[in-house]
Amino acid sequence: MQRKAYVSGAAVLLAAVLAGCTGGSGVGGPAPDSKGGDTGTTAAVAQPGKYRTLPEACGAADRDTLDTLLPGIQETTDETQQEKAYAGEATLTYDTDRRDGCDWKVASAAGTDHLFVDFERVVSYDNTVSDEAKAEELYATKQTAADLPEPTASASGDATPSPSGSASGTADGDNGGGADGSGDASGAPSAPSASASRTPADLQPRVLDDLGDEAFLDDKLNTGASTAQQRTVTVVFRTSNVIVTIEYSEQPTASTDAPDSKEMQDRAQKLAQELASRLNG
């Protein structure tokens with residue numbers, strides 16, 4: 001009986017020793033792997049955009065530029081009203097470092113001019129897409145929406161051809177009739193030539209090559225309910241992760257007048273160059 005008790009005690013002791021050797025790690029044992037299968041590599045994070053802030057839109061254009069774009073300012077004799085016209089009206093925004101815009105609308109004896117400037121700083125919320133790449137995507141959407149026509153040019157390279165192929169056109173006031181401008185050789189009145197409403201090829205809506213990283217210009221002539229012709233020139237350009245939009249419109253007082261396309265485009269592009277320099281300065 002004593003031998004049986006001894007053997008049982010030795011077996012219990014051996015079991016305890018074996019349990020200690022095969023149990024969890026002690027103080028000096030290796031720590032459990034907390035990486036959950038991490039291979040040690042991480043996905044590359046896209047770089048942030050070049051711009052972190054935006055200029056103040058209502059202060060982006062100097063007074064000389066505003067005088068050219070909005071001639072009614074100089075006709076305003078009341079100093080308080082003139083200062084208000086120069087200041088413009090800031091558009092509603094909740095974060096001026098993300099978006100900032102300004103409106104100016106000034107009437108003159110010749111008509112009413114409206115200018116809108118908008119700065120948008122694009123931020124990508126996808127770590128694998130950079131701010132600039134996101135801005136490129138948004139700019140492409142705007143250009144597609146503008147539906148720019150395919151570039152065209154006449155044989156001379158400076159105007160689109162008229163339906164009849166005539167090079168004379170009627171933009172200078174010629175009615176396209178006989179010597180007295182009242183009709184053809186038979187004396188019958190002639191219909192106004194369609195070329196009168198044609199726009200020279202170099203003034204057509206188009207991509208601009210010398211503004212920001214990419215840019216385009218749109219030009220639309222609309223006839224409102226009062227038959228007054230309003231022209232709107234839009235310039236949109238992108239510099240890194242900032243997209244700038246300029247909308248410049250003019251409606252003459254006389255319903256028979258049409259705003260000059262070249263003059264308005266030149267003014268809008270000059271402002272666009274100034275804003276691009278301001279961003280890069």
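Predicted model: local features only at pLDDT ≥ 70, side-chain atom pairs only at ≥ 80, totals over all residues.

Q: Is Y139 buried or exposed?
A: Buried, with a relative accessible area of 2%. F216 counts as buried too, at 3% relative accessibility.

Q: OK, what about a charge over a ring? Which ring does R63 sit over?
A: The ring of Y86. The charged end of R63 is 4.2 Å from the centre of that ring.

Q: Switching to salt bridges. How many are there?
A: The count comes to 14 salt bridges. One of them joins the side chains of E132 and R238, at 3.5 Å from N to O.

Q: What does the E132 and R238 pair tie together?
A: E132 lies in helix α5 (residues 131-146) and R238 in strand β6 (residues 229-239), so the bridge ties together parts 106 residues apart in sequence.

Q: How exposed is each partner? Start with E132.
A: E132 is partly exposed, with a relative accessible area of 31%. R238 counts as buried, at 4% relative accessibility.

Q: What else does R238 form a salt bridge with?
A: D213, where the closest N and O atoms are 3.6 Å apart. D213 sits in the loop between β4 (206-208) and β5 (214-223) while R238 is in strand β6, so this pair ties together parts that are 25 residues apart in sequence. D213 itself is partly exposed, with a relative accessible area of 47%.

Q: Which residues are linked in that network of salt bridges?
A: E132, E136, D213, E214 and R238 are the ones linked in it.

Q: Now E250. Which side chain does it meet in a salt bridge?
A: R267, at 4.0 Å from N to O. This pair links distant parts of the chain, with E250 in strand β7 (residues 242-252) and R267 in helix α6 (residues 261-280), 17 residues apart.

Q: Is E250 buried or exposed?
A: Buried, at 15% relative accessibility. R267 is buried as well, with a relative accessible area of 18%.

Q: Let's zoom out. How many helices and strands does the protein have?
A: It comes to 6 helices and 7 strands. Starting at the N terminus, the elements go α-α-α-α-β-β-β-α-β-β-β-β-α.

Q: And what share of the residues count as buried?
A: 33% of the 281 residues. The accessible surface of the protein is about 17400 Å², and 52% of that belongs to carbon and sulfur atoms.

Q: What about contacts across the sequence? How much comes from residues 24 or more positions apart?
A: They account for 60% of the contacts with a separation of 6 or more.

Q: Tell me about the largest nonpolar core. How many residues does it have?
A: It has 36 residues, and L115, F119, F237 and L275 have the most contacts inside it. At least two residues each come from α2 (63-69), α4 (79-87), β2 (99-107), β3 (111-121), β5, β6, β7 and α6. The largest share, 7 residues, comes from α6.

Q: Last one, T234. Where is it found?
A: In strand β6. T234 counts as buried, at 16% relative accessibility.

Q: And what does T234 touch?
A: Not counting residues up to four places away in sequence, T234 touches F216, L217, D218, T245, I246 and E247.

Note on methods: Residues numbered from 1 in each chain as written. Heavy atoms only, no water. Helix = DSSP H or I, 4+ residues; strand = E, 2+ residues; numbered from the N terminus. Buried < 20%, exposed > 50% of the residue type's maximum accessible area, 1.4 Å probe, protein only. Contact = heavy atoms within 4.5 Å. Areas by Shrake-Rupley, 256 points an atom, 1.4 Å probe, with all protein chains shown as cover. Lys NZ or Arg CZ within 6 Å of the ring centre and 35° of its normal. Core = buried A, V, L, I, M, F, W, Y, C linked by side-chain atoms within 4.5 Å.
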